[in-house]
Amino acid sequence: MRYRLTFIAGVALGYVLGTRAGRERYEQLRKAAQRLSENPAVRNAAESAAQGGREFAGKAYHSVSEKVGDRVPASVSGRVRSLRERSGHNGHGAGDDWGTTHT
């Protein structure tokens, strides 16, 4: 019984000290990440990467839409159209008939 109480007391003490040290380390990491995200060079690099990703996604979208054409289910094409209308980016312009069935 005595050994169990000693073990339990050791676990409790280790937990409390570890939690406190872990919280301090977490705060240090959080502050370092915040400083890094506020760095102008990092912000510029992140924005240029995001812009490049948007351009690549647009090119991929056009390439896929040309190859897939009218083989897309109506539910999917309707969702894509509504997303484009909501975002204000119409891809090929007002005459775009991507995803529609040609009869």
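Q: To begin, is Arg30 buried, exposed or partly exposed?
A: Arg30 is partly exposed, because its relative accessible area is 38%. Buried means under 20% relative accessible area, exposed means over 50%, and partly exposed lies in between, with a 1.4 Å probe and protein chains only. Please note that this is a predicted model, in which local features need pLDDT of at least 70 and side-chain atom pairs count only at pLDDT 80 or more, while totals for chains, interfaces and linings use all residues. Residues are numbered from 1 along each chain as its sequence is written, and side-chain values use heavy atoms, with hydrogens and water left out.

Q: Which residue does Arg30 form a salt bridge with?
A: Its partner is Glu27, and the closest N and O atoms are 3.0 Å apart. A salt bridge here is a side-chain nitrogen of Lys or Arg within 4 Å of a carboxyl oxygen of Asp or Glu.

Q: Where do Arg30 and Glu27 lie?
A: Both belong to helix α1, three residues apart, which is about one turn of the helix. Helices (H or I, at least four residues) and strands (E, at least two) are DSSP runs, numbered from the N terminus.

Q: What else meets Glu27?
A: The side chain of Arg23 meets Glu27 in a salt bridge, at 3.1 Å from N to O. Arg23 and Glu27 are four residues apart in helix α1, again about one turn.

Q: How many salt bridges does the structure hold?
A: There are three. One of them joins Arg54 and Glu47, with the closest N and O atoms 3.1 Å apart. The side chains of Glu47 and Arg54 also count as a polar contact of 3.1 Å. A polar contact is a pair of N or O atoms within 3.5 Å; within protein, one must be able to donate a hydrogen and the other to accept it, and residues adjacent in sequence count only if both atoms are side-chain atoms.

Q: What caps the N-terminal end of α2?
A: Asn39 does, through a side-chain oxygen that lies 3.0 Å from the backbone nitrogen of Ala41.

Q: What span should α2 have?
A: At 1.5 Å a residue, its 29 residues should span 42 Å, and the end C-alpha atoms are 41 Å apart, which agrees. The expected span is 1.5 Å times one less than the number of residues.

Q: Changing topic, which residues make the nonpolar surface patch?
A: Phe7, Ile8 and Val11 make a patch of about 320 Å². Patches are made of residues with over 30% relative accessible area and no salt bridge; like charges are joined within 9 Å, and nonpolar side chains (Val, Leu, Ile, Met, Phe, Trp, Tyr) within 5 Å. Phe7 is found in helix α1, residues 2–37, and counts as exposed because its relative accessibility is 58%.

Q: Finally, how many helices and strands does the protein have?
A: The protein has three helices and zero strands. Of its 103 residues, 8% count as buried.

Notes: Areas by Shrake-Rupley, 256 points an atom, 1.4 Å probe, with all protein chains shown as cover.
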